[in-house]
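User: I would like to learn how to read a sheet, a helix packed on it and a pocket. Please take one feature at a time.

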Amino acid sequence: MSDTERSSIKMEEAKDKVIGAIAETMDLYGVTPAAANLYATMYFKDQMTLDEMRTELGMSKPSMSTSVRRLQDIDMVKKTFTRGSRKHTYAAEKNFFRSFMSFYCQMWEREAKMNLEAITEAQEDFINVIKDSASTPEIVAEAKKYYDQLEESKTYYHWLEDLVESIRSGKIFEFLPKDSQD
């Protein structure tokens with residue numbers, strides 16, 4: 001075996017270590033193992049067509065399409081344009097800051113919005129119970145307790161909204177610089 005062949009093998013082994021780690025942790029993003037392997041493989045490629053992906057990973061066409069769509073939905077893969085080619089090509093997002101920010105901001109915004117809407121509706125219901133002349137003092141006390149509990153929880157959801165804004169604006173990097181650690 002030549003030195004070039006040995007170097008190539010070592011390089012592939014090194015890439016495989018990273019591909020394995022990325023694929024294994026992608027469940028944090030709600031990604032299936034198939035989509036995780038696809039993203040991890042694409043990470044070391046400039047761009048790939050669906051046919052190249054299927055050949056590389058041995059995935060079925062429906063599984064490949066589903067995986068690519070999911071990765072696009074969470075901004076981990078972008079459709080790219082290649083002049084002169086009629087086939088769609090895709091590229092993996094290689095900037096982990098960008099993919100982290102996009103994914104988690106999306107999830108946190110959804111969490112805050114859904115929960116704040118539910119809290120608003122529930123608090124209105126508790127107010128109606130409190131104002132209802134048919135409510136016993138015990139029921140009123142319990143409704144007030146739950147109303148106050150929900151009021152306190154709003155602090156977290158507003159903080160989460162502020163966190164998202166600080167990430168999107170880049171202000172968070174004033175507190176946690178990207179290059180603060182080796």
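Analyst: Strands (E, at least two residues) and helices (H or I, at least four) are DSSP runs numbered from the N terminus. This is a predicted model, in which local features need pLDDT of at least 70 and side-chain atom pairs count only at pLDDT 80 or more, while totals for chains, interfaces and linings use all residues. Residues are numbered from 1 along each chain as its sequence is written, and side-chain values use heavy atoms, with hydrogens and water left out.

User: How many bridges join strand 1 to strand 3?

Analyst: Two strands pair if DSSP finds at least two bridges between them. Strand 1 and strand 3 (residues 89-92) are joined by two bridges and run antiparallel. Strand 2 and strand 3, also antiparallel, are joined by four; there, Lys78 has Ala91 of strand 3 as its bridge partner.

User: What is the strand order of the open sheet?

Analyst: The order of the three strands is 1-3-2, with antiparallel pairing. Strand 1 (48-49) and strand 2 (77-80) are the edges, each with a single partner strand, so one side of each has no neighbour in the sheet.

User: Which way do the residues of strand 3 point, and are they buried or exposed?

Analyst: Buried means under 20% relative accessible area, exposed over 50%, and partly exposed in between (1.4 Å probe, protein chains only). Thr89 and Ala91 point one way, Tyr90 and Ala92 the other, and all are buried.

User: Where does helix 2 lie?

Analyst: Axes are lines fitted to C-alpha atoms, for helices over the stretch in contact (heavy atoms within 4.5 Å), and angles run from 0 to 180 degrees between N-to-C directions. Helix 2 (residues 33-43) lies across strand 1, strand 2 and strand 3, at about 85 degrees to strand 3. Eight of its eleven residues are buried, so helix 2 is largely enclosed by the rest of the structure. Among the buried ones are Leu38, Tyr39 and Met42.

User: Which helix gives the most to the lining of the largest pocket?

Analyst: A pocket is an open set of points on a 1 Å grid over the protein atoms alone, where a 1.4 Å probe fits, with protein on both sides within 12 Å along at least five of seven lines; lining residues have an atom within 4 Å of a point. Helix 5 gives the most, with five residues. The lining includes Phe96, Trp108 and Lys178.
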